[in-house]
Every structure is written in structure tokens, then in C-alpha cells.
Amino acid sequence: MATRVTLESAKRAAAFAAGERHVFSGCRLGVGSGSTARYLVEFLENSVKTGKLKDIVCVPTSFLTRKWLLDAGLSVTNLEQQPELDVCIDGADEVDANLNLIKGGGGCLTQEKIVQTSAKHFFVIADSSKQSTVLGEKFLSIPIEVVPTAYVPVMKWIKQQEGGECVLRMAQKKCGPVITDNNNYVLDWNFPKGKFANTTDLAALHQRLVKLPGVVETGLFVGVAEKVYFATPDGTIIEKGKPQ
């Protein structure tokens, strides 16, 4: 089993590989959230300081990513000022054989999806432990952002309509639920495994969920990733594109 040190090295390798291939001088870049995206910020900081990259501008997908970028001395903007992006690079909690993703383990799913949709190209960085055949093999729940007043009805509706069990995500270092950057709650839906095994089923599921009153967004990113950079604990980079 890979140690924490080797997993972190793998995340860093994946982030640096994607940065080398897809970020260019003058790039308008969406920067994802989570532990792997932190290494992308490191890559950007190093590349700007050495002069390898110039005039890049970054749109973060979360409060924490914005702080990382500012601490690194990088140029930060928002979608009001820069609504069209060249590239978005982000991590994932799980990636299936068709490059469909579950995201939102860090609670940033809505802003991540907005930034991803604003970009011409979307690339994913992850360690190889996130790779699976179908979603749900390794990451057992789908995060769903909801308006606070709707969380109980939404949990009931999802169970009645789709099966499985929903729980309200609780905070670790405060009393009460996790609050997203949008001041909403997050439900973690332990969905029926094997029921949504292909891209068509996942896309239809996402559409049904977002139509429920009070649902803001789901952590399903279906058919949007162009390529995933998986890094193994020994530092090997596996580039995986969409199946033809």
C-alpha cells in the first residue's frame, strides 16, 4: 500500500505534468481546489518566478485556492472580470473508465463546475488511487450542494426517487454542518452502486437531481474532462484520454 508520502509525491507529479503541457504564457487559467490543486499552484509559482510563464491570470474555484494563489504572488481575478478561460485544471475524488468524475469531497463542487464550464479545455490531475472502472467503486457517495432550508426534503426526495441514503455533511472543527463558500449545505448521497454505470445514465441522473427544488449542483462531472493525468506512487504519469 502506498504511504502518505508517496501519494503526495504522486499528486505533485500529476499537477506538474498537466501544468507543463497545458499552461502557457498569457493563459487564462481556472485553478481547482483540493490537495492536488495545491501542487498546481506550486508549479505556477515556480514557473512565474523563473520566467518560464508570463502574464498568466488565475480564476480560483474556492476561497482556499484563492488564498494559495495570492500567497504565491500570482495574478488572481474572477469570472466577472474574466468570464472566458483557456484552460481549467482540477482534481477529482474518483474517475471512471470514461473520464466521468465525482468531485466535491472538499465542498467546492458548484464553483468548480462554474469555472470548468467557463473554460475551453478541462484537464484533471489525480493520483492513481482515484482511478476506477465505474463511479462508486472507491468514492462511495456523490456530493450534492443544497439550499439550507431544503436539505431535509431533498434527502427524502432522493431516497424515494433514486434509492440509497443521504446524510448531511457535518463539520469536523465546528458544531453543525459544513457550509460551502456559497453559504449552502452539502449532502453526501450513498447511491446504489451499479445502477448508474455508463455516461448516459450518469448524465440523466445529474439532470434529475438538479431539477429537485433546493438542489444547487451535484458533484457529477459527466463527459467534460478531455484528459486525466494519473500519477502512480513511483512517479510514473499515466495520461488517459476519452475512449474513442
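Student: Why is Tyr185 called buried?

Tutor: Buried means under 20% relative accessible area, exposed means over 50%, and partly exposed lies in between (1.4 Å probe, protein chains only). Tyr185 has a relative accessible area of 18%, so Tyr185 counts as buried. This is a predicted model, in which local features need pLDDT of at least 70 and side-chain atom pairs count only at pLDDT 80 or more, while totals for chains, interfaces and linings use all residues. Residues are numbered from 1 along each chain as its sequence is written, and side-chain values use heavy atoms, without hydrogens and water.

Student: Why is Tyr151 called partly exposed?

Tutor: The relative accessible area of Tyr151 is 27%, and partly exposed covers what lies between the buried and exposed cut-offs.

Student: What makes Phe122 and Phe221 a tilted aromatic pair?

Tutor: Rings of Phe, Tyr and Trp (its six-membered ring) pair if their centres lie within 6.5 Å; planes under 30 degrees apart count as stacked, over 60 as edge-to-face and the rest as tilted. Phe122 and Phe221 are 6.5 Å centre to centre with 35° between the planes, hence tilted. Both residues are buried.

Student: How do you know that the charged end of Lys113 sits over the ring of Phe221?

Tutor: The rule asks for NZ of Lys or CZ of Arg within 6 Å of the ring centre and within 35 degrees of the ring normal. For Lys113 the distance to the ring centre of Phe221 is 4.6 Å.
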